[in-house]
Amino acid sequence: KAAVHFAKQVSKGSYQIYNPGISRRLKNQLELEMDLRHALSRGELAMYYQPQVDLSSGTLVGTEALMRWVHPQRGVISPGVFIPLAEEIGVIEEIGEWALKTACRQTRLWNEKGLLFHVSVNLSPKQIFQDNLVDMVRSVLKQTGLAAKFLQLEITETADADLIMMSKKLSEIRDLGIGISIDDFGTGYNSMNYLKSLPLTQLKIDQSFIRKDYYNSHNMALIRTFVDLADELDLEVVAEGVETGEHVRFLKTVKCDLAQGYLFGRPLSAANLLGQLPIISKQINQ
Ligand code: C2E
Ligand code: MG
Ligand code: MG
Ligand code: MG
């Protein structure tokens, strides 16, 4: 444990607390922030794609686009770390636009090759507050030539959500022909209000119900309930965190539409995904 000691008197009667542990972390954080401000212009961001499989037909139908930051000194930094940071320092709009454009351009290229993949792109809650979100999305589709029906935007729950405003914006996006998915379903505290208020097309069951370490009869009952709920509401349903053949057999029994997880493939660069297609197909149809 870091010892806290009173380092110096800054003004009469007030002391600055000096903690070497905290200051190291702060320095680290500040460096990371500075680097992140330049990551986009320095070409350090990369897009990876994780396969999504249709369980009834056993085919690869699309991917989820997942961003990576390839830091020149620190190596690959996970979006779990840098997305919250990007939100904090106010660069999420730029980074989010880059992510959308990159994913749409790549998916359009696949479509042109006859691979009719759709793509799911994560949207930060901060981007939904962005004034020009709808125009930005419309212009990305126009620039990249991707047909709207091949795009889905994934949203997550937040504490400070204004569901009326969100519903209005997301409806405009729906009107363009784009799908809206609720990500990490089952982990929030306001899920039912989201289902009630937003123009959703897809429900993604959070991986914490499915992954190996969590998979048990209790969670299976919850998964079955979420699949039925999605069905009643006419939403497509996706299971995240699919890691084993047993998961697949169970998800097929409960008639879950799509599956995504390490069993079929980890997130890969576009080139690697293409190279892995034969292996992924074998994994799906075994
Ligand atoms: P998410 O959207 O829920 O993405 C799924 C995460 O689960 C990914 O982590 C993926 O690599 C991981 N995953 C997929 N299958 C499995 C599995 O079978 N087992 C295990 N253990 N994990 C699995 P990743 O890529 O680290 O992304 C973390 C989160 O960062 C994402 O969660 C998403 O919320 C956010 N994110 C990623 N890319 C973007 C982006 O472009 N924009 C925004 N706003 N957020 C992003
Ligand atoms: Mg997602
Ligand atoms: Mg998720
Ligand atoms: Mg259904």
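Which residue places a polar side-chain atom 2.9 Å from an oxygen atom of ligand 1? In this predicted model, Asn122 does so. Local features were taken at pLDDT of at least 70 and side-chain atom pairs at pLDDT 80 or more, whereas totals for chains, interfaces and linings use all residues, and side-chain values rest on heavy atoms, without hydrogens and water. Residues are numbered from 1 along each chain as its sequence is written, while chains are lettered from A and ligands numbered from 1 in the order in which they are written.

A polar side-chain atom of Glu64 also lies 2.9 Å from an oxygen atom of ligand 1. Tyr262 contributes through its backbone, with an N or O atom 2.8 Å from an oxygen atom of the ligand. Taken alone, ligand 1 exposes 810 Å², of which the protein buries 85% (accessible areas by the Shrake-Rupley method with a 1.4 Å probe). The ligand is surrounded by 23 residues, the closest being Arg68, Asp183, Gln207, Glu243 and Tyr262; a residue is included if one of its heavy atoms lies within 4 Å.

The magnesium ion (ligand 3) is coordinated by Asp183 (OD), Asp184 (OD), Glu240 (OE) and Glu240 (OE), at 1.9 to 2.7 Å. Donors are N, O and S atoms within 2.8 Å of the metal (3.2 Å for Na, K and Ca), and sites may look incomplete because water is not among the atoms. The donor residues follow the spacing D-D-x55-E in sequence. A distance of 4.4 Å separates this ion from the magnesium ion (ligand 2), and Asp183 coordinates both. Distant parts of the chain are linked by the pair Asp183, in strand 8, and Glu240, in strand 10 (residues 236-240), which are 57 residues apart. Asp183 is buried, with a relative accessible area of 6%, and Glu240 is likewise buried at 7%. Buried denotes under 20% relative accessible area, exposed over 50%, and partly exposed in between (1.4 Å probe, protein chains only).

Strand 8 (residues 179-185) is mostly covered, with six of its seven residues buried. Helices (H or I, at least four residues) and strands (E, at least two) are DSSP runs numbered from the N terminus, and two strands pair if DSSP finds at least two bridges between them. Strand 8 runs parallel to strand 7 (residues 151-155), to which four bridges join it, and Glu154 stands opposite Ser181. Three bridges join strand 8 to strand 9 (residues 202-205), again in parallel, with Leu203 as the bridge partner of Ile182.

Key: A polar contact is a pair of N or O atoms within 3.5 Å; within protein, one must be able to donate a hydrogen and the other to accept it, and residues adjacent in sequence count only if both atoms are side-chain atoms.
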